[in-house]
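We'll walk through a few spots together, one after another.

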Amino acid sequence: MNNIETKKGIIYQYHNNKKVTIRGKKNIYVKVLFWIFVIALISGFIITIDFSYARFGYKPLWKNIKGLFTPLNSSTTWPNQSLFLLSLKELFYTIKYTIFGSMIGVILALITSYFSNLKLNKKEVAISFKIVTNFLRLFPELIFIYLMSSSFDKVLALTLILGWFSWLWLHEYISQIIENADYNLYYHFLKISKSKFAAFRQIIWPQIRLQVTNYIFYSFESNMRWSAILSKLGFGGIGQVINAVITPGQQKFDELLIPLLVLIFFLLLIESFHIFYTKIIMKERTFKTGIKGYKKSLLWKKIFIALIVLILLSLSIVAIIDLSGQKVYFVRIKNELHQLFNPNWSVMAIKKGSNIFFDIWQLISLVGLTILLTYFLTIFKLFLVNNKIQKNGVSWTFRSLNTFIRCVPIPVIFSLISFVYNGYEASFIIAFAIHSSNAMTRNLEHSIRKLDQNIITTYKLRGFSKIKIFNMYILPSIKYDMITILSFELEKITRNFLSFGVFASSILGQKSTLNRVNDIAEIAPYIWLSFIFIGLIILSGYLTRFYLIEKRKAKVFKQNEFNFSKLAKQRSV
């Protein structure tokens with residue numbers, strides 16, 4: 001022990017016994033400097049954003065909450081119409097085009113995800129697909145909404161926008177699912193079939209089918225909630241009814257509850273159907289009645305799936321019929337693409353009241369504070385919703401509340417709290433954080449369910465409190481999953497602050513918004529700036545996830561090596 005020598009490096013301490021060098025703890029001054037930097041950065045974020053309270057802001061807040069829970073069934077925007085019947089009519093309109101658009105997106109995502117995989121295709125093919133899809137993903141959603149809404153008739157534009165969103169969103173997730181599948185049997189099967197697609201269908205697809213289905217459901221739910229912002233840009237549907245009563249300065253919260261509940265009820269119905277599909281229809285079970293019971297179950301599964309396919313096809317056919325007569329304006333497409341790739345850079349010149357560097361710093365501040373608030377809200381919710389340390393009744397109550405809030409569109413949450421602060425940016429930080437924490441809680445709660453209950457029971461028997469078990473075992477166990485999901489939420493939050501520029505969510509988002517004053521050429525510089533910003537976020541996310549994957553592999557390797565050496569010692573004894 002006396003031969004051990006300790007040396008201080010720039011960041012870490014190193015312990016050396018002339019044979020092995022082991023990296024020790026970080027130097028204390030490194031920790032101090034790190035926390036000084038973090039505190040200074042967060043302070044800078046807070047100073048940048050206007051968190052000042054509006055004078056008497058709480059009065060309209062309580063008034064609107066009171067109005068929300070004293071609903072009217074008549075509309076001032078649509079006179080002499082029942083809000084409930086109007087909401088059902090507009091909901092069907094939204095469902096019809098969302099299903100058709102989502103189906104287009106799913107088909108495209110499955111195709112591009114398959115062909116962008118290096119293990120399933122030639123390198124040239126996979127890399128080409130990766131470049132194209134990643135290039136398109138870097139653009140903010142708003143630019144595609146503008147291009148399509150001006151280049152196609154309204155119904156066709158809505159369908160294509162929803163298909164586009166579904167495609168690029170699903171492509172990212174399905175690509176990763178395919179990438180992370182087990183390929184051992186796939187390579188053996190290739191020797192027999194000689195067909196990569198046949199090997200994929202027989203070996204890889206059964207592994208990933210349920211995960212892909214889950215993301216398809218999530219995509220459809222997300223598209224339904226997007227109806228609120230799409231209606232702000234001139235598209236109809238249930239979002240039009242909701243948006244008409246939450247627009248700043250025109251709020252009528254006594255007309256909000258009925259259309260909002262119609263949308264939430266439908267989303268909860270989809271959520272229930274999703275659970276039924278995964279837990280009942282897709283779950284493999286053993287049958288006491290043997291092969292007869294299995295065949296009967298298989299028959300019911302086929303009938304159920306056939307009915308779902310029939311409903312989806314029927315709604316898609318109705319949507320296709322409605323598309324007849326819709327026009328495409330090729331001259332506008334050419335003109336607006338020309339403006340996009342030939343932007344008017346002079347609009348970014350630094351002048352009084354406009355500084356592009358401040359705009360970028362404000363976006364960084366908004367995203368930074370939102371992701372920080374999301375993190376703390378997620379930890380708080382995870383403590384309440386997990387059934388490992390909470391009673392089933394408590395867990396179910398908070399899980400149901402989380403699901404209910406997740407169904408509420410972001411513009412509604414923003415509209416409710418927008419009176420509290422003088423600036424809209426502060427309200428959006430809270431609205432985005434609430435929404436992102438709901439999504440993160442849902443995903444991480446599934447990770448917590450996989451933890452070993454015996455370990456938690458042991459902690460309880462030793463007298464550990466719920467908070468101590470949560471901090472010592474549950475949070476460290478889901479650390480990698482949390483960082484991975486946070487990296488995805490970081491990208492989503494960044495996109496939200498840009499896309500919700502139409503609601504004044506950020507200066508850069510506002511400057512990227514098309515209006516009567518400017519055209520595509522004027523907003524194009526800010527679109528390209530957002531393109532670079534999103535690209536850096538995506539790159540950092542990729543690097544983070546790659547680092548975590550390698551770290552997990554190293555951890556598993558060390559654990560296996562330890563188990564092997566332990567077994568070898570036992571055998572030698």
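Take Arg209 in this predicted model: its relative accessible area is 33%, so it counts as partly exposed, since that label covers everything between under 20% for buried and over 50% for exposed. You'll find Arg209 in helix 8, which spans residues 196-225. Now look across to Ile178: Arg209 is 31 residues away from Ile178 in sequence, and their C-alpha atoms are 10.0 Å apart in space.

While you're at helix 8, check how helix 7 (residues 184-193) packs against it: the angle is about 135°, and the axes are 9 Å apart. That angle makes helix 7 oblique to helix 8, because only angles over 145 degrees would count as roughly antiparallel. The crossing of helix 7 past helix 8 is right-handed.

Next, the charged pairs. Side chains of opposite charge can pair when their charged atoms come close. This structure has 13 salt bridges. Is Glu221 buried or exposed? With 2% relative accessibility, Glu221 is buried. Arg442 is buried too, at 12% relative accessible area.

Another salt bridge joins Arg137 and Glu491, whose closest N and O atoms are 2.7 Å apart. Arg137 is in helix 4 (residues 123-137) while Glu491 is in helix 20 (residues 479-499), so the pair ties together parts 354 residues apart in sequence. Both Arg137 and Glu491 are buried.

Stay on Glu491, because its relative accessible area of 10% puts it among the buried residues, and it has a further partner in Arg495, at 3.0 Å from N to O. Glu491 and Arg495 are four residues apart in helix 20, which means about one helical turn separates them. Arg495 is also buried, with a relative accessible area of 10%. Through shared partners, salt bridges join Arg137, Glu141, Glu172, Glu491 and Arg495 into one network.

Pick out Leu33, which belongs to helix 1 (residues 28-48). Leu33 has a relative accessible area of 54%, so it counts as exposed.

Technical notes
Residues numbered from 1 in each chain as written. Predicted model: local features only at pLDDT ≥ 70, side-chain atom pairs only at ≥ 80, totals over all residues. Heavy atoms only, no water. Helix = DSSP H or I, 4+ residues; strand = E, 2+ residues; numbered from the N terminus. Buried < 20%, exposed > 50% of the residue type's maximum accessible area, 1.4 Å probe, protein only. Axes fitted to C-alpha atoms, helices over the stretch in contact; angles between N-to-C directions. Parallel < 35°, antiparallel > 145°, perpendicular 65-115°, else oblique. Left-handed = near helix turned anticlockwise from the far one by under 90°. Salt bridge = Lys/Arg side-chain N within 4 Å of Asp/Glu carboxyl O.
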